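Hello,

Here is the structure I promised to pass on to you. Have a look at it first, and then read on for what turned up in it.

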Amino acid sequence: MNDLSEKAILILLLIGTIIAWAEEFDQETVDVIGSMPDEVYQEIVNDLGPSCTNQDVVAEYEDNRMYYDSIIAVR
């Protein structure tokens with residue numbers, strides 16, 4: 001195998017790894033959002049604004065999980 005073939009294979013493996021990691025990250029985001037109550041999701045989106053991403057919502061929820069879980073316990 002020549003040097004160019006080896007580099008091409010390594011680049012393809014790297015690209016495949018990045019794609020697999022991104023899909024796993026997206027699935028984790030979907031799982032967290034799917035597990036949180038609708039009221040919590042709405043509260044976070046209202047706080048962050050309509051242009052927030054799902055990753056922003058998940059980060060806010062995970063950083064302040066006790067607070068958001070207490071909102072549900074009170075209602």
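In what order do the elements of the chain run from the N terminus on? The answer is α-α-α-α. Please keep in mind as you read that this is a predicted model.

**The overall picture**

The secondary structure amounts to four helices and zero strands. Of the 75 residues in the chain, 19% are buried. Among contacts with a separation of 6 or more, 50% are between residues 24 or more positions apart. The chain has an accessible surface of about 5800 Å², and carbon and sulfur atoms account for 59% of that.

**The core**

The largest nonpolar core has twelve residues: Val32, Ile33, Met36, Val40, Ile44, Val45, Cys52, Val57, Val58, Tyr61, Tyr68 and Ile71. At least two residues of this core come from each of H1, H2, helix H3 (54–63) and helix H4 (65–74). As background, nonpolar side chains in soluble globular proteins tend to be buried together.

Val40 counts as buried because its relative accessibility is 1%, and the limit for buried is under 20%. Leaving aside residues up to four places away in sequence, Val40 touches Tyr61, Tyr68 and Ile72.

Tyr61 is another core residue worth a click. With residues up to four places away in sequence again left out, Tyr61 touches Val32, Met36, Val40, Ile44, Tyr68 and Asp69.

**The tyrosines**

There are two aromatic pairs in the structure. One joins Tyr61 and Tyr68 with 6.4 Å centre to centre and 35° between the planes, a tilted arrangement. The other joins Tyr67 and Tyr68, which are edge-to-face at 4.9 Å centre to centre and 70° between the planes. Together, Tyr61, Tyr67 and Tyr68 form one aromatic cluster.

How do the three compare in exposure? Tyr61 is buried at 4% relative accessibility, and Tyr68 is buried as well, with a relative accessible area of 1%. Tyr67 is partly exposed, at 46%; that value falls between the 20% limit for buried and the 50% limit for exposed, so the label is the one in between.

**Helix H1 and the surface**

Helix H1 spans residues 3–35, and Leu12 has its place there. Leu12 is classed as exposed because its relative accessible area is 60%, and exposed means over 50%.

The count of salt bridges comes to one. It links Asp3 with Lys7, whose closest N and O atoms are 3.4 Å apart. Both Asp3 and Lys7 lie in helix H1, four residues apart, or about one turn of the helix. Asp3 is partly exposed, with a relative accessible area of 48%, and Lys7 is partly exposed with a relative accessible area of 48% too.

I hope you enjoy exploring it.

Best wishes

Key. Residues are numbered from 1 along each chain as its sequence is written. This is a predicted model: local features need pLDDT of at least 70, side-chain atom pairs count only at pLDDT 80 or more; totals for chains, interfaces and linings use all residues. Side-chain values use heavy atoms; hydrogens and water are left out. Buried means under 20% relative accessible area, exposed over 50%, partly exposed in between (1.4 Å probe, protein chains only). Rings of Phe, Tyr and Trp (its six-membered ring) pair if their centres lie within 6.5 Å; planes under 30 degrees apart count as stacked, over 60 as edge-to-face and the rest as tilted. Contact means heavy atoms within 4.5 Å. A salt bridge is a side-chain nitrogen of Lys or Arg within 4 Å of a carboxyl oxygen of Asp or Glu. A nonpolar core is a set of buried Ala, Val, Leu, Ile, Met, Phe, Trp, Tyr and Cys residues joined through side-chain atoms within 4.5 Å. Accessible areas come from the Shrake-Rupley method with a 1.4 Å probe; for residues, only the protein chains shown count as cover.
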